[in-house]
Structures are given as C-alpha cells and as structure tokens.
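Here is a brief report on one protein chain. Look over the sequence and the model before reading on.

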Amino acid sequence: MHRRSALGGAITALATAAAGVLVAAAVSTAPAVAAPAGTGTGYLHTNGNKIVDSTGATVRITGINWFGMETDNKTFHGLWSTNPWRGQIDKMASLGYNTLRVPYSNDALKPGATASGINDFVNPDLVGLSPLQILDKVIDYAGDKGMRVILDRHRPTSAGQSPLWYTPTVSEATWINDWKMLAQRYAGNTTVIGADLHNEPHAEGTNPAATGACWGCGDPVRDWRLAAERAGNAVLSVQPNWLIFVEGVSCPSGGLSDVWDGDPSNDEDCGWWGGNLTKARDFPVRLDVPNRLVYSPHEYATSVFEQNWFKSPDFPDNLPGIWDKYWGYVYKQNIAPIMMGEFGSTLADPRDRVWLEKLMAYTGTGVDGMSFTYWSWNPNSGDTGGIALDDWTNINTTKQAILQPYLIPPVGGGGGPTPTATATPTSTPAGGCTGAYRQVNAWQGGFQGELTVTNTGTATVNPWQVTWSWPAGVSLASGWNATVTQSGTTVTAAAPTWAGALAPGASVTVGFTANGSSAAPGTVRLNGVAC
C-alpha cells in the first residue's frame with residue numbers, strides 16, 4: 001500500500017499519515033465461518049484454487065498486514081506505543097488473524113541497517129537489534145501463536161513505491177539475491193510460508209510511450225509476468241517449499257491511456273495497482289516447482305480512489321462482475337488460488353462499508369473461501385486507517401465486526417500464552433459486576449454477539465475471567481478481546497496478557513461468533529461472582 005490517487009486506473013503513491021478512526025457499534029450482514037481450522041501442518045502448497053497443508057487439508061489464510069519495515073524506520077510501526085510488540089501479536093491472533101503479511105524494503109536488509117522508532121521502556125528486548133533480528137523475533141513469536149508469515153517486498157527503497165521491480169539504484173539482481181537470502185535465512189521454519197515478490201507493479205508513462213509494468217507484452221525489462229517467473233524460480237531453487245505470491249499490474253500495457261484524445265476506443269481497461277490479473281489466463285506465471293503459485297490482487301475502496309464503478313448507477317450490484325473480470329475468474333475457473341494481499345478503507349464514505357461487506361461475501365465462507373490479508377493492523381495508514389486504533393491497543397470494532405465472521409483463528413492463538421494464574425483468578429470484584437449482552441448479527445446456523453462486563457466493585461480484578469453458560473447445541477466458533485474457550489455448556493473468556501487487570505468501574509467487551517440457535521449468555525460471572 002502507501003497509497004495513491006488514480007488516473008485512468010493507475011495510482012500515484014502517497015506517504016502514510018496518522019489518521020484517527022472512530023469506533024462505532026457495527027452490525028454485519030456476513031455469514032458464519034466454519035469451525036476454526038488454523039493454518040495447517042507443515043509447509044503449504046496449492047491444489048487447483050485451494051491452498052493446502054502437508055496433509056492435503058485445505059487452509060484459508062485470513063491475515064493482516066503489519067507495516068513499517070519498508071519505511072525509514074526499517075521495522076514494524078507501533079513499536080513506539082505503550083503496547084509491547086508481543087501484545088500486539090497476541091491481539092491479532094485473538095481477533096482471528098492467522099497470518100502476518102510483512103512489507104519490507106531492500107534498505108532494511110542492507111548490512112548495518114538500523115531500526116528506529118522503538119519504545120525502549122516497553123520493548124527493551126528489541127534495543128540494539130537489526131531490522132532482520134527484530135523480524136526473526138516476530139516470526140518466532142507469531143509461530144508460537146500458530147500464525148504464518150508472508151514476506152512482502154514492498155519497495156526497493158524506503159523512499160516510495162516503484163512501478164517496476166527494479167530502479168536505477170536497486171537492480172533486478174539485488175531484488176532476486178535478497179529474496180534468496182531471505183529464503184535461506186528461514187529455510188526449515190514452517191512459520192514463513194512464502195514470498196510476495198513485488199508490491200503493486202503498475203503503469204507509468206502515457207501510451208504508446210509506456211514505461212511501467214506490463215503483463216504479457218514480452219519486453220523483459222517491463223513484463224512483470226516474466227520477472228515474476230525469474231524471481232519466483234530463483235526463490236524456489238533455494239526454498240522449494242515456499243508459496244510464490246504474484247500480484248497483478250494496473251494496466252496490462254504498462255502505460256496510461258491517453259484520455260485526453262477524446263477517443264475511448266484506445267483507452268485501456270485499467271484497475272488498482274497490483275489488482276489487474278486480466279492477462280493471467282492467457283499469460284500465466286510458469287514456475288519450475290508445481291503447485292506453488294498463488295495470485296495476489298489488491299482491492300480498495302473510495303477512501304483510496306473513487307474508481308468509476310463506485311459511481312455507477314448499479315452500485316453495489318456491479319461489484320462482483322468487476323471482481324470477476326480483474327481477478328476472481330482465476331479462483332472461479334480453478335486456475336490457481338487467490339490471496340487478496342491488500343484491501344481496506346477508512347469506511348468514512350457509507351459506500352465503503354457496503355463495498356467491504358460485499359467483498360467479504362464474495363470471498364466465500366469457511367476454509368474453502370478465498371484467502372486474504374487485510375490492510376492494515378496499523379492505524380497510521382493515511383487513506384485506510386487500521387484495525388488498531390491510535391493507541392495500538394484498542395480496535396476499530398466497525399471494521400472488525402465485518403471481517404470477523406470470515407476469520408479462521410490460528411491454532412494456539414487467542415491472546416497469547418495463558419498462564420496458570422489466568423485460569424485460576426486470585427481476586428474477586430468486591431461489590432459485584434454487571435453484564436450487558438448485544439446480538440450483533442444472526443444467520444442460519446449461527447450468530448455473533450458481544451458481552452460487556454463491568455466491574456462495579458471497589459477493587460481491581462487482576463487477572464479477570466468471565467464465564468457464562470449456553471444451552472446445549474450452541475458451540476463457540478471464534479472469540480476476541482480475550483482467550484475464549486468452551487467446555488460443555490460453559491464458556492470461559494480469560495484476560496489476555498496485554499490487558500489482564502479490570503479496574504473498578506472499567507468494562508471489558510468479549511466478542512464471539514457461535515454455531516447454533518441464537519442464545520444470550522446465561523449465568524454470567526466475573527471471577528466467580530454473579531453479575
């Protein structure tokens with residue numbers, strides 16, 4: 001990302017800027033997810049339009065982008081906040097994001113590269129580490145949570161996006177050699193599953209004097225399809241188990257249409273940067289190792305640029321046809337899997353919420369749906385905002401509620417390591433508690449709800465634990481803002497490591513999706529005290 005305005009479907013980069021996001025109650029129209037399936041066993045590969053694990057079980061990537069390593073900081077943003085880096089990963093996992101897509105620039109990989117923007121009081125274990133050493137720690141901890149990691153070569157340098165995969169200062173050889181270095185560094189580590197070769201190749205120059213990335217044009221210095229083959233095969237020569245994620249272009253010709261000539265007949269059909277895979281059927285990416293190719297389009301809403309289809313009289317019913325044309329056919333025709341590498345919005349325009357709900361429904365439900373990594377965890381993405389709010393701790397519940405039914409949590413995820421003390425609370429809320437339930441959504445065979453529990457006592461409860469009962473036949477599908485588990489008809493929401501204390505007068509909202517007939521939580525207790 002690091003976004004753009006568009007002209008004729010092409011987009012120019014904008015720097016990220018801090019953006020506040022309002023938290024609002026949300027009602028989603030999305031259906032339920034299947035029972036959590038995690039991220040599978042061993043390395044992943046492809047089978048038709050599915051991503052499968054080493055046992056052949058279907059895996060759906062439902063991940064999130066955590067950017068910063070591609071910027072001047074050369075490491076993850078938000079490490080300056082009061083939320084420790086492990087706490088942020090804990091929160092992502094507990095919300096149901098099973099994969100991290102990590103953007104980087106080649107600047108961050110250089111010998112002597114220095115990471116900046118780290119709160120050394122909150123993250124003392126990161127002080128003095130190189131960008132790669134910090135990445136090592138994030139990968140290790142994400143793996144402990146059951147998450148996977150996709151590495152994304154986002155920019156050649158921290159200065160900004162580039163239409164081609166090389167620049168005058170960063171050669172194709174550097175691009176490929178750095179990929180081979182990363183493949184060797186993480187060889188044998190099944191947390192790291194693949195390479196997103198280059199972020200958002202796009203058009204530049206006005207046709208017929210195109211200078212940007214084309215698809216299938218045959219020019220080795222501009223044809224992104226050929227470059228993806230060269231880099232992908234180089235990576236696979238070092239690490240044959242990785243998936244190779246290949247994005248689209250914006251305009252297949254690699255150049256912008258001359259919209260000023262008044263002749264629409266020669267105006268090319270363009271899309272988002274990285275989002276146009278219309279030529280992939282006729283000019284597929286050919287890799288030396290079979291069953292490793294995943295196409296990874298990007299898709300955005302009006303907060304990035306108001307494409308013509310957002311202004312069409314048949315909006316939003318026109319959207320599935322747009323997606324079918326640009327990239328959805330790849331999945332529907334069983335050509336290859338789709339992993340939508342970026343999509344997002346501030347949701348400031350009411351149309352954007354409709355867009356996001358339509359897009360999620362288009363991807364399908366359960367493990368058989370299309371994979372995705374949402375843009376972004378970061379609140380400081382200037383034209384989309386994030387799932388995290390500006391404190392890097394609380395979340396945008398409006399966005400999360402729309403995404404939640406489609407998230408398949410990582411096995412082992414759910415809020416970080418759960419100490420023994422969490423399961424056996426040592427303090428009680430002297431004075432009591434109150435509980436308030438809100439059903440957010442319901443569908444055939446399931447529902448989504450939020451239980452807000454307030455400590456009305458005079459003492460802090462630390463660590464807190466909320467329990468409730470459900471009728472027989474109601475089963476937990478996923479939970480967030482706590483480590484949520486079920487035994488029989490009893491559900492337990494244990495405090496996450498980053499927010500273990502519940503002060504007098506403070507509240508916690510535990511969200512969940514469940515299978516079965518809609519049912520309000522019964523016999524709600526806070527650390528054993530009835531609410």
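## Burial and overall fold

A residue is buried under 20% relative accessible area, exposed over 50%, and partly exposed in between. The model is predicted. By that scale, 59% of the 531 residues are buried.

The chain holds eight helices and 24 strands. Of the contacts between residues at least 6 apart in sequence, 77% join residues at least 24 apart. The exposed surface comes to about 18100 Å², with 54% supplied by carbon and sulfur atoms.

## A loop glycine

Gly160 sits in the loop between β8 (148-155) and α3 (172-185). Its relative accessibility is 17%, so Gly160 counts as buried. Thr71 lies 89 residues away in sequence, yet the C-alpha to C-alpha distance to Gly160 is 8.2 Å.

The salt bridges number 19. One of them pairs Arg222 with Asp219, with 3.7 Å between the closest N and O atoms. Arg222 is buried because its relative accessibility is 15%. Asp219, at 27%, is partly exposed.

Arg225 and Glu229 form another, at 3.4 Å from N to O. They are four residues apart in helix α4 (residues 224-238), so about one helical turn separates them. Both Arg225 and Glu229 are buried.

Glu306 and Arg351 meet in a salt bridge at 3.0 Å, N to O. This pair links distant parts of the chain, 45 residues apart: Glu306 is in the loop between β12 (298-300) and α5 (319-332), and Arg351 is in helix α6 (residues 350-363). Glu306 has 31% relative accessibility, so it counts as partly exposed. Arg351 is partly exposed at 22%.

Note on methods: Residues numbered from 1 in each chain as written. Predicted model: local features only at pLDDT ≥ 70, side-chain atom pairs only at ≥ 80, totals over all residues. Heavy atoms only, no water. Helix = DSSP H or I, 4+ residues; strand = E, 2+ residues; numbered from the N terminus. Buried < 20%, exposed > 50% of the residue type's maximum accessible area, 1.4 Å probe, protein only. Contact = heavy atoms within 4.5 Å. Areas by Shrake-Rupley, 256 points an atom, 1.4 Å probe, with all protein chains shown as cover. Salt bridge = Lys/Arg side-chain N within 4 Å of Asp/Glu carboxyl O.
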